[in-house]
Amino acid sequence: QVQLVESGGGLVQAGGSLRLSCAASGRTFSSYHMSWFRQVPGKGREFVAAISWSGARSDYAESAKGRFTISRDNNKNTVYLEMNSLKPEDSAVYYCAAGTLSRYSSNYAYWGQGTQVTVSS
């Protein structure tokens, strides 16, 4: 099993940047593909970005391409989401997840508690 704890969310102006971190406990972190999802009230979790266990492959939602970068450090058991050129529509609770390399939230067995990102216009 793996436990996930996100951090780095906050309030930022449109056009600004944030770097989210997701720290994992457990010795098997490097065997998991990792992803970031986000959710706004009243909607389901939306895929943002994913990275393979080795970091060799990544995938991004269209809304994230060119602005967000997912990365991981298996020595630190941490996955990151660098977010640039933020827009108000990026406001959401951001969750990291561990599981298969997929855009579907149902394919992820482990989730963090989420971190709030608010982008003001």
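**Exercise 1: Burial and pairing of an aromatic residue**

Determine whether Tyr95 is buried or exposed, and which residue forms an aromatic pair with it.

Solution. Tyr95 has 12% relative accessibility and therefore counts as buried (buried: under 20% relative accessible area; exposed: over 50%; partly exposed: in between; 1.4 Å probe, protein chains only). The model is predicted: local features need pLDDT of at least 70 and side-chain atom pairs pLDDT 80 or more, while totals for chains, interfaces and linings use all residues. Residues are numbered from 1 along each chain as its sequence is written, and side-chain values use heavy atoms, without hydrogens and water.

Next, Tyr95 and Trp111 form an edge-to-face aromatic pair, 6.4 Å centre to centre with 80° between the planes (rings of Phe, Tyr and Trp, the last by its six-membered ring, pair if their centres lie within 6.5 Å; planes under 30 degrees apart are stacked, over 60 edge-to-face, the rest tilted). Trp111, at 24% relative accessibility, counts as partly exposed.

**Exercise 2: The aromatic cluster**

Identify which residues form one aromatic cluster with Trp111, and state what lies over the face of Trp111.

Solution. The cluster consists of Phe37, Phe47, Tyr95, Tyr108 and Trp111. Within it, the ring centres of Phe37 and Phe47 are 5.8 Å apart and the planes stand at 75°, so this pair is edge-to-face. Both Phe37 and Phe47 are buried. Finally, Arg45 lies over the face of Trp111, 4.5 Å from the ring centre (criterion: NZ of Lys or CZ of Arg within 6 Å of the ring centre and within 35 degrees of the ring normal).
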